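The sequence and coordinates come next.

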Amino acid sequence: MSPAYRIGMDPVKGVTPKVVKSDAQWREQLTPQEYAVLRRAGTEPPGTGEYEHTKTPGVYECRACGAELFRSDHKFESHCGWPSFFTPLAGDAVLLREDRSMFSKRVEVLCATCHSHLGHVFEGEGYPTPTDQRYCINAISLRLVPDEAAS
Ligand SMILES: [Zn+2]
């Protein structure tokens with residue numbers, strides 16, 4: 001059940017998202033803060049996201065398109081200031097691509113369905129998780145759907 005990781009590749013090129021909207025449509029649908037992160041690869045200030053310490057059982061959806069991305073069971077306390085997961089819900093729920101901004105090499109995490117920016121993934125940091133990976137995700141990119149609400 002180990003998901004397929006594609007670190008180091010650039011999968012977004014040549015991949016058409018299932019959900020395609022114009023920039024104007026995204027701006028209309030999203031709040032300015034959501035737009036800045038999801039569509040402009042911004043980062044919310046650490047410690048400000050509403051889900052940083054949330055433990056409610058449920059599924060985290062993409063706030064832009066509603067695709068299921070992460071599960072509460074895979075969330076852990078990383079103390080880094082953002083919600084952290086050690087794996088996505090499924091290997092094909094997210095896309096990974098190299099990000100060379102900010103003068104360092106990082107791996108960007110995008111929603112596979114609409115190609116919105118979610119955050120970054122880091123590995124080899126020594127967290128006691130099954131994967132030793134930390135999907136460091138902006139809370140504003142996510143929407144938690146608690147299990148009781150799902151039918
Ligand atoms: Zn999405």
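## Sheet

Three strands make up an open sheet, ordered β2-β1-β9 and paired in the antiparallel sense. Strands here are DSSP runs of E with at least two residues, helices are DSSP runs of H or I with at least four, and both are numbered from the N terminus. Two strands pair if DSSP finds at least two bridges between them. The edges are β2 (68–71) and β9 (142–146), each of which pairs on one side only. From one strand to the next the twist averages 35°; axes are lines fitted to C-alpha atoms, for helices over the stretch in contact, and angles run from 0 to 180 degrees between N-to-C directions.

Strand β1 (residues 58–62) is joined to β9 by five antiparallel bridges, with G58 opposite P146 in β9. Between β1 and β2 there are three bridges, also antiparallel, and Y60 stands opposite F70 in β2. β1 and β2 form a hairpin with five residues between them, and G66 in that turn has a positive phi of about 85°.

## Model and numbering

The model is predicted: local features need pLDDT of at least 70 and side-chain atom pairs count only at pLDDT 80 or more, while totals for chains, interfaces and linings use all residues. Residues are numbered from 1 along each chain as its sequence is written.

## Overall content

The protein has two helices and nine strands. Along the sequence they follow the pattern α-α-β-β-β-β-β-β-β-β-β.

Of its 151 residues, 33% count as buried. A residue is buried if 20 or more other C-beta atoms lie within 10 Å of its own, exposed if 12 or fewer, and partly exposed in between, with C-beta atoms placed from the backbone. Among contacts between residues at least 6 apart in sequence, 60% join residues at least 24 apart; a contact requires C-beta atoms, placed from the backbone, within 7 Å.

Which loop holds A41? A41 is in the loop between α2 (32–38) and β1. Its phi is positive, about 55°, although A41 is not a glycine. A41 is partly exposed because 17 other C-beta atoms lie within 10 Å.

H79 is in the loop between β3 (75–76) and β4 (84–85). Phi of H79 is positive, near 60°, and this residue is not a glycine either. H79 has 10 C-beta neighbours inside 10 Å and therefore counts as exposed.

Key: Contact = placed C-beta atoms within 7 Å.
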